[in-house]
Amino acid sequence: MDDIKVELKNLTKMFRIKKNIITAFEDISLKIKDGEFWCFVGPSGCGKTTLLRVLAGLENPTDGTMYIKHMNISKPLNSMVFQEHAIFPWMDVKNNIAYGLKMRKLKPNLIDEIVDFYIEKMGLTPFKNAYPHQLSGGMKQRVSIARAFANDPEILLMDEPFANLDEQNRVLLQQELLKIWEESKKTVIFVTHSIDEAIFLSDKIMLMTRHPGKIKNIYDINIKRPRVIDNIRSEPQYVNIFQDIWSNLREEVSN
Amino acid sequence: MNNANILKKSNVSIKTASKSDKKLKDETKSNKLLEQIISPITIIIIWEVLADFNLIDTRFFPAPSTIFHSFLSLLTSGILLNDLSISLYRIIGGFIVGAVPGLIIGLTMGLFPLIRNILDPLVAATYPIPKLALMPLIMIIFGLNDLEKIIVIAIGTFFIVLMNTAAGVINLDKIYMDVARNYGASKKDYYLTVALPGALPMIFTGLKLGMGMALLLIVAAEMNGASSGIGYRIWESYNIFDIPAMFVSFIIMSILGYIFTILLDLIERVIIPWKHS
């Protein structure tokens, strides 16, 4: 049990909206090991984003237990990558990426070093001093990812980060994400609608039922790494897993 | 056709292509300037012609040439500049006296729900009272002087700046708060690095609207208990039926409004370089 990073037991979240009580998700139990890449997949409204927010500490669970192992107190436990419009419009690329580091009051020299490193890693060097409104959607998401990685958290939480991008940018960023992740060995929890994306990226996929979300199934993706987008779909496992997930997902979506 | 001719011909055709490209660019540039000047000039010309041929009642719509003469005499007698400086003093004074509290209270209301809930009813109750209706009370309290006029303008500016400032903070996308929390920002950090910069565009909108309100109110404020000022000049011209002088004042006010807008736009571009142009 030593390498368990996140353990959820019967985790449940309910909201009160006006006079009604809405259950976002219920009875979620799973174990995530350190360094694993997990995807949460499910139909719209199944609560996967809410689950991510509870994991991030932005919401409190209503019931159940959530255990997250914080190995190094000097590093942040988790950093979230939100969707495209979450980088600050009033800061340039450099300052956006530095945000977590500045909030932790690190030394300016160290901050500059780390920021420059990730700017280079994400191919943002010519845009270092640009403002978000001057950037394309793909560029903005690169900034968002750089900001999270620069903060050096133990867990990376990603909320459909590529949902608003065109196909080409999506594919490029998926590859870049894997590359930068493989060097860092962080635990990742990635929420997505796309089965294809989930299979390409993850070690394990948690498929949720439709609202209120429960676990429908957990899949092991044993495709060898490093994975390449060019031939992922010709992997023998790919088709089977895709069919399996899709038939289950379709059940949830069509009812 | 020998080779030299063919070469020459192709050279000529390349040159021609770039020449017409440049011509197109120049034409577009000078066209725009021309188009922008053409309508005011045309209006002035038509107006002058109509006035000279008595096709419009020049008692109420004096010819541009008459207005210009009035302008010159007001200028050379020093009256115009005196009016302008006195009114500017009241406008800018009123704007600052109104905008500063508006900004401070607006920010606190935006950032602290408790304060917002307490003050909201007060604002909602006092804002709808027309400032002009309050003028007699203000005149009694402060007397008939510059301070009273500054107060009148300040009250008008205050509400507009307050409401836009508070809205700027409140309407900030909630996701920025999530980002701030997730990346370890303290409350103070949040106010300084997220709430304040994020609210700036709406704050500037409030300032521009507030300035417009100040210009509006100067005419009302200088209606009573004034002996000089652009607004005063309008009412005085009414009293002595000097319509050309009245028009001069209208034009001065219009130019003032234009200049203030340009100034605020410039300041905005410096303070908010990140806003979409």
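**View 1. The two domains of chain A in the predicted model.** In this predicted model, chain A is divided into domain 1, made up of residues 1-71, 156-161 and 181-255, and domain 2, which covers residues 78-152. The C-alpha centres of domain 1 of chain A and domain 2 of chain A lie 26 Å apart. Eight residues from domain 1 of chain A and 11 residues from domain 2 of chain A take part in the contact between them. On the side of domain 1 of chain A that touches domain 2 of chain A, β6(A) gives the most, with four residues. By class, that side of domain 1 of chain A has five nonpolar, one polar and two charged residues.

**View 2. The contact between chain B and chain A.** In this view, 15 residues of chain B are in contact with 18 residues of chain A. On the side of chain B that touches chain A, α7 (174-182) and α8 (187-221) of chain B each supply at least two residues, and α7(B) gives the most, with six residues. Sorted by class, this side of chain B has eight nonpolar, four polar and three charged residues.

View 3. Most peptide bonds are trans. The bond from A:His211 to A:Pro212, however, is cis, with omega near -10°, and A:Pro212 has its place in the loop between β8 (204-208) and β9 (215-220) of chain A. A cis peptide bond also joins A:Arg225 and A:Pro226, where omega is about 0°; A:Pro226 is found in the loop between β9 and α8 (236-254) of chain A.

**View 4. A positive phi at A:Glu160.** Most residues other than glycine have a negative phi. A:Glu160, which is not a glycine, has a positive phi, near 45°, and its place is in the loop between β6 (155-159) and α6 (167-184) of chain A. A:Glu160 counts as buried because 20 other C-beta atoms lie within 10 Å, and the cut-off for a buried residue is 20 or more.

**View 5. A positive phi at B:Asn54.** In chain B, the residue shown is B:Asn54, a residue other than glycine whose phi is positive, near 55°. B:Asn54 lies in the loop that runs between α1 (3-52) and α2 (64-76) of chain B. With 8 C-beta neighbours inside 10 Å, B:Asn54 counts as exposed, since a residue is exposed if 12 or fewer other C-beta atoms lie within that distance.

Methods: Residues numbered from 1 in each chain as written. Chains lettered and ligands numbered in written order. Predicted model: local features only at pLDDT ≥ 70, side-chain atom pairs only at ≥ 80, totals over all residues. Contact = placed C-beta atoms within 7 Å. Nonpolar A, V, L, I, M, F, W, Y, C, P; charged D, E, K, R; others polar. Domains from an automatic or database assignment.
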